[in-house]
Amino acid sequence: MNTNRNDKFNAITETSDGVNIVYLSGELDLSVAPDFRLVMEPLVEEPSQDLIINLRDLKYIDSTGIGILLSILKARHGMESRFVVQEVPPQIQKLFDMTGIAKFFVPQENSQ
């Protein structure tokens, strides 16, 4: 398990059975984007591993965070590798719906 922790944002990664799961908590915005990219870059580039991002404990996401999720989606799609965003909190789901990006993420409610 890897952990990237600061006062505002946390990303914990777990790997098991061909799946990388990243649990996000706190606020994903411009100020923590470099930290998030550092965590995600090696995981995105593993085409043989499924990638799941769990947003259950994410309180806030801005356009920078959404942009990173979309860039991950695009990269994974190009590699024909699975990418799932799961347990999206209602306030973030509302933002995804309003911006029209919800349709690009494969819904999955339960943790693996």
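**Figure 1. The largest nonpolar core.** Among the 28 residues of the largest nonpolar core, those touching the most other members are Leu 24, Phe 36, Met 40, Ile 53, Ile 72, Phe 83 and Phe 96. A nonpolar core is a set of buried Ala, Val, Leu, Ile, Met, Phe, Trp, Tyr and Cys residues joined through side-chain atoms within 4.5 Å; buried means under 20% relative accessible area, exposed over 50% and partly exposed in between (1.4 Å probe, protein chains only). Two or more residues of this core come from each of S2, strand S3 (19-28), H1, strand S4 (50-61), helix H2 (63-78), strand S5 (83-86) and helix H3 (90-99). H1 gives the largest share, six residues. Helices (H or I, at least four residues) and strands (E, at least two) are DSSP runs, numbered from the N terminus. The model is predicted: local features need pLDDT of at least 70, side-chain atom pairs count only at pLDDT 80 or more, and totals for chains, interfaces and linings use all residues. Residues are numbered from 1 along each chain as its sequence is written, and side-chain values use heavy atoms, with hydrogens and water left out.

Figure 2. Beyond its neighbours within four places in sequence, Phe 96 is in contact (heavy atoms within 4.5 Å) with Leu 55, Ile 61, Ile 66, Leu 69, Val 85, Val 88, Ile 101, Ala 102 and Phe 105.

**Figure 3. The aromatic pair.** One aromatic pair is found in a search of the whole structure. Phe 9 and Phe 36 form this pair in an edge-to-face arrangement, with 5.8 Å centre to centre and 80 degrees between the planes. Rings of Phe, Tyr and Trp (its six-membered ring) pair if their centres lie within 6.5 Å; planes under 30 degrees apart count as stacked, over 60 as edge-to-face and the rest as tilted. Because Phe 9 lies in strand S2 (residues 9-16) and Phe 36 in helix H1 (residues 33-44), the pair ties together parts that are 27 residues apart in sequence. Phe 9 is buried at 1% relative accessibility, and Phe 36 is buried at 0%.

**Figure 4. Polar contacts of Asn 20.** Asn 20 lies in strand S3 and is buried, with 1% relative accessibility. Its side chain makes polar contacts with the side chains of Thr 15 at 2.6 Å and Glu 46 at 3.4 Å. A polar contact is a pair of N or O atoms within 3.5 Å; within protein, one must be able to donate a hydrogen and the other to accept it, and residues adjacent in sequence count only if both atoms are side-chain atoms.
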